[in-house]
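User: I have a protein model open and would like to go through it. Can we take it piece by piece?

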Amino acid sequence: LNEWLDGSLKPSMSGGSLLNEMSNYPLAVTSDSSPELPLKLIRARCVLGRGQIECFGEVSSGPVRLLRSKASDMSGAAVELARQAVAEASFEVKGALVIFGASVS
């Protein structure tokens, strides 16, 4: 991961949290659980003692893709999600609580 991110994880490579560093870089791994969704997102959690990465969620052997998102991607997705939810609701929507987090299955 550190090579993929041009060395930006170097301070954490001897061990430590990756929550801030990886918040815009989810990992995509192959998933057999749903034919409609061939990839699932996994978030890197921390670096263990010898450079191994611990993730939120199960990662099996196979290809891993590093994705990139921007803050504007998140806010745009939230706006679109809210529009769709209001359009489909069979009642008057007065508010909503939206929580962003890593997808872990």
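User: In which element of the protein chain is confidence lowest, and in which is it highest?
Analyst: This is a predicted model. Confidence is lowest in helix α1, residues 71-88, with a mean of 81. Strand β4, residues 53-56, has the highest, at 86.

User: And what does the protein chain average?
Analyst: The average pLDDT is 80, and 92% of the residues score at least 70.

User: Why care about low values?
Analyst: Where pLDDT is low, predicted coordinates should not be read in detail.

User: New topic. Which residues make up the largest nonpolar core?
Analyst: There are 7 residues in that core: L5, L9, L18, M22, L27, A44 and V47.

User: Take L18. What does L18 touch, not counting residues up to four places away in sequence?
Analyst: L18 touches L9, A44 and V47, among others. Its contacts also include S12, R45, C46 and I53.

User: Where is P26 found?
Analyst: P26 sits in the loop between β1 (16-17) and β2 (27-30).

User: What is P26 in contact with, leaving aside neighbours within four places in sequence?
Analyst: P26 has contacts with L41, I42, R65, L66 and L67. Although P26 and L41 are 15 residues apart along the chain, 6.2 Å separates their C-alpha atoms.

Technical notes
Residues numbered from 1 in each chain as written. Predicted model: local features only at pLDDT ≥ 70, side-chain atom pairs only at ≥ 80, totals over all residues. Heavy atoms only, no water. Core = buried A, V, L, I, M, F, W, Y, C linked by side-chain atoms within 4.5 Å. Buried < 20%, exposed > 50% of the residue type's maximum accessible area, 1.4 Å probe, protein only. Contact = heavy atoms within 4.5 Å. pLDDT = per-residue confidence, 0-100. Helix = DSSP H or I, 4+ residues; strand = E, 2+ residues; numbered from the N terminus.
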